[in-house]
Amino acid sequence: MNRTDAGVNLLGLRSHNTALVLDLLRTAGPDGISRLELAERTGLTPQAVSKITARLRQEGLAAEAGHRASTGGKPRTVLRLVPEAGHAVGVHLDRDELRVVLAELDGRAVRERCVPLSLGAGAEMVLEAVAREVAEFLGDAPPAPLPPTPGTPPTPGTPPAPDTPLAPDAGRVPVAPALLGVGVALPGPLDHARGVLHRVTGFPEWDGFPLRDALAERLGVPVVVDKDTNAAALGLAVGGERGSFACLHLGTGLGAGLVIGGALHRGARTGAGEFGHQVIQLDGPPCTCGNRGCVEALCLAALGRGDVGEAARVLGEGAANLAGLLDIDAVLLGGRAIAADPEPFLHGVTAVLHARARREGSPPDAVRVRLDPHGAHAVAHGAAQLLLAPLFGRQAG
């Protein structure tokens with residue numbers, strides 16, 4: 001994937017004031033927002049806003065969305081973000097599959113694809129698979145329809161998403177104009193700052209692998225690497241989830257993404273949120289991390305027996321411990337295992353948290369429990385936000 005100066009240099013727009021304006025344009029949606037409102041809400045002068053919006057319009061990132069009646073004088077011109085002016089690719093490298101999304105500037109996924117892929121296949125095969133899928137997405141083929149979230153019927157008349165083998169390697173692929181880059185999210189532990197993997201649970205052969213640099217060299221675009229749970233939590237925060245919350249992600253493993261006071265919390269070594277490896281049963285079953293009785297091991301063992309209710313209860317106990325430790329506002333549940341059968345998990349986790357609140361004399365709804373609206377797609381969508389969020393001043397931790 002060769003570097004090119006074609007299109008808008010989006011990475012050069014991340015000045016603080018421009019980011020403020022872009023974020024307000026993004027949250028205003030297609031209805032848009034006037035320059036006067038932008039000035040009022042950012043605290044910038046009308047002249048500064050006019051200069052910023054003029055540049056954004058010139059570069060194709062903003063456009064007129066009509067006019068709005070004024071309390072006096074001529075009607076105000078309303079501006080909106082142009083979502084299709086830029087894209088980011090989000091990649092979810094799970095233990096047994098690869099999910100890729102192509103997202104526009106507003107975060108909406110316009111294309112999504114999922115193929116089987118084992119992390120145990122080795123670095124070269126994994127890198128090649130990611131490069132092929134990104135090449136497919138940035139080719140000339142029209143966007144495919146998004147697959148429905150598990151448990152929801154497909155849109156009438158919409159064909160199923162294609163399940164074709166990976167395309168043959170055609171070498172480096174051309175960069176689409178205004179491509180921000182590729183965000184990659186996968187199980188930890190890892191070093192987000194350097195993009196280096198540590199001993200990924202269950203796959204120790206990845207220890208020390210420089211995934212970010214290896215992919216950036218192959219693709220020729222910026223690459224950001226983070227834990228799957230951090231990406232999912234970031235997607236929720238940028239999408240409007242407020243306050244402090246934990247995003248619990250149960251799929252092939254179990255982890256938590258933490259947002260504290262509106263900011264993604266990674267910890268000093270990207271180690272925050274290793275929720276699945278808190279020990280709650282000293283003589284419990286062995287976990288792939290080397291401990292016994294971890295929440296992850298107990299949850300996965302219950303799911304293996306087909307006992308979803310027990311898995312939900314264990315998850316609830318872990319969530320209650322986390323809520324008590326961090327005093328968070330909400331717990332959001334996501335991941336493949338939960339998306340496949342969400343109601344037992346929603347009810348089970350809620351019941352445990354309510355029981356804990358009664359014993360402590362707290363209101364039963366002190367910690368709200370909800371499903372992650374992106375379901376099984378949350379990590380891939382959040383991975384795209386690793387590139388998009390900084391453009392709008394939403395620094396990813």
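A residue counts as buried when its relative accessible area is under 20%. That cut-off comes up in the first close-up of this predicted model.

**View 1. Tryptophan 206 and phenylalanine 209 form an aromatic pair.** Look through the whole structure and you'll find one aromatic pair. Its ring centres, in tryptophan 206 and phenylalanine 209, are 5.2 Å apart, and the ring planes meet at 90°, so the pair is edge-to-face. Both tryptophan 206 and phenylalanine 209 are buried.

**View 2. Arginine 26 has its charged end over the ring of phenylalanine 392.** Here the distance from that charged end to the ring centre is 5.4 Å.

**View 3. Helix 6 packs against helix 11.** Helix 6 covers residues 228–238, and helix 11 covers residues 378–391. Their axes lie 7 Å apart at an angle of about 70°, which makes helix 6 roughly perpendicular to helix 11. On the helix 6 side, the contact is made by Asp228, Ala231, Ala232, Leu234, Gly235 and Val238. Helix 11 brings in Ala378, Val379, Gly382, Ala383, Gln385, Leu386 and Ala389. Sorted by class, the contact has nine nonpolar, three polar and one charged residues.

**View 4. Proline 116 sits in strand 6.** That strand runs over residues 109–116. With a relative accessibility of 69%, proline 116 counts as exposed, because the cut-off for exposed is over 50%. Setting aside neighbours within four places in sequence, proline 116 is in contact with Asp96 and Glu97. Aspartate 94 is 22 residues away from proline 116 in sequence, yet their C-alpha atoms are 9.4 Å apart in space.

Definitions and conventions
Residues numbered from 1 in each chain as written. Predicted model: local features only at pLDDT ≥ 70, side-chain atom pairs only at ≥ 80, totals over all residues. Heavy atoms only, no water. Helix = DSSP H or I, 4+ residues; strand = E, 2+ residues; numbered from the N terminus. Buried < 20%, exposed > 50% of the residue type's maximum accessible area, 1.4 Å probe, protein only. Contact = heavy atoms within 4.5 Å. Phe/Tyr/Trp six-rings, centres within 6.5 Å; stacked < 30°, edge-to-face > 60°. Lys NZ or Arg CZ within 6 Å of the ring centre and 35° of its normal. Axes fitted to C-alpha atoms, helices over the stretch in contact; angles between N-to-C directions. Parallel < 35°, antiparallel > 145°, perpendicular 65-115°, else oblique. Nonpolar A, V, L, I, M, F, W, Y, C, P; charged D, E, K, R; others polar.
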